[in-house]
Amino acid sequence: MGAVKAAVAAVGLAFAAGAASVAAGRLASDVALKAPPGAPLPTEPRLTVHATAAGRIALTRAFASQRPGTYGLTGNGTHAVVGDVLDSAPHAPDAVVRRLERVTHGTLEPGDKVWLTPALHIGDPRTALGLDQDDVEIPGELGTLPAWFVPAARDTWVIAVHGLGATREHTMNVMEFLHRHHFPVLALAYRGDPDAPRSPDGLNHLGETEWRDVDAAIRYAVRSGAERVVLLGWSTGATMALRAATHSALRDRVAGLVLDSPVLDWTATLRALAAARRTPGALLPLAVRAAQGRTGLRPFPVDQDTVPPGLRTPTLLFHGPDDAVAPWGPSRSLAAHRPDRVTLRTVRHAPHGAMWNADPKAYEEALRRFLTPLM
């Protein structure tokens, strides 16, 4: 009898441990599947404001605060723009001084907790950039998708798609450049974004289903007079653009693809985000399995999924080795397997989704060269 009780107890403990592991894996998968738009990804460290002065700000010395380039700086109710590190400026040993370009909202005080973001602008193209803009509604699979349309003269439109941890405000980084070169721009909010429909399960599918909203945007553009479109996406938005270019019934209208920090291996991205939340390594495979069970996503071999056989579109790919969210190995693979279609621009010292921020002039020059034949 005692042996039976012991066996029952052991089974109960094993069941409880298994249930706890499943719950832990599900919780760990939330970091990617429930990433809220506009909230910082866990890979982005919090920094402390040490001091501010005319045109300068001192921040906690960290790898992130020493990145070259131009970034948004966001805190509780605050948004600013910071430029390059000022090495010659006086500073404490534990601080880094950067150029403070502007404070767009709120105030910055010593002790404030802030983080760097790729998005330089808040608001909409009219209020942030002074561009003519129409608020349009795109009929989507799940309902109406709000979008900004910035008109211009060309009949090749650029459809801009943000990614993880961002909103369509991120697309404004390149909007002035595109407008200067007379490209109409359509920047959409897709399922899960503010004012857009939710996915039926309330989860991000990391581009697997969201690409259909990009397809809806292509249809809208063609109905509205676009002869061709260029899809420009960041992060999972780049994944969506790639899928639309190979799966859409209107893929022949896609004249070009611009992919910034594409998520080409969702399992690696989920593991990276969960690890950044200090998920124990033993639970990371459970997080992948939980994500798989909740969304139907499948792990894939790189050479099969990142090199779609239907990819016929000229593609410009911006990515680099310092991306802690989407490893650039699959991007290199894609470029190596399709040199006839894919050009990889390696950007160093740039975090996920921020290839433009590291060197805006070089990024825009590469973009200009790529877009010129597509005009």
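This is a predicted model: local features need pLDDT of at least 70, side-chain atom pairs count only at pLDDT 80 or more; totals for chains, interfaces and linings use all residues.

Me: What volume does the largest pocket have?

Reply: About 670 Å³. It has 40 lining residues, and the closest to its centre are Pro40, Leu116, Thr117, Pro118 and Gly165.

Me: Which strand gives the most to that lining?

Reply: β6, with three residues. β3 (71-75), β4 (78-85) and β6 (113-117) each supply at least two.

Me: And how does the lining divide by residue type?

Reply: Into 19 nonpolar, 17 polar and four charged residues.

Me: Next, how much space lies in the second largest pocket?

Reply: About 290 Å³. Of its 24 lining residues, Ala35, Pro37, Arg191, Gly192 and Asn204 are the closest to the centre.

Me: How do the residues of that lining divide?

Reply: There are nine nonpolar, 10 polar and five charged.

Me: Changing topic. Where is proline 151?

Reply: In the loop between β8 (144-150) and β9 (156-161).

Me: Why is proline 151 called partly exposed?

Reply: Because its relative accessible area is 32%. Buried would need under 20%, and exposed over 50%.

Me: What is proline 151 in contact with, leaving aside neighbours within four places in sequence?

Reply: Asp132, His179 and Pro184.

Me: How many residues apart in sequence are proline 151 and aspartate 132?

Reply: 19 residues. In space, proline 151 and aspartate 132 are 7.1 Å apart, C-alpha to C-alpha.

Conventions: Residues are numbered from 1 along each chain as its sequence is written. Side-chain values use heavy atoms; hydrogens and water are left out. On a 1 Å grid over the protein atoms alone, a cavity is a set of points where a 1.4 Å probe fits but cannot get out, and a pocket is an open set with protein on both sides within 12 Å along at least five of seven lines; lining residues have an atom within 4 Å of a point. Grid points are joined across faces, edges and corners, and a volume is the space filled by probe spheres set on the points. Helices (H or I, at least four residues) and strands (E, at least two) are DSSP runs, numbered from the N terminus. Ala, Val, Leu, Ile, Met, Phe, Trp, Tyr, Cys and Pro count as nonpolar, Asp, Glu, Lys and Arg as charged, and the others, Gly among them, as polar. Buried means under 20% relative accessible area, exposed over 50%, partly exposed in between (1.4 Å probe, protein chains only). Contact means heavy atoms within 4.5 Å.
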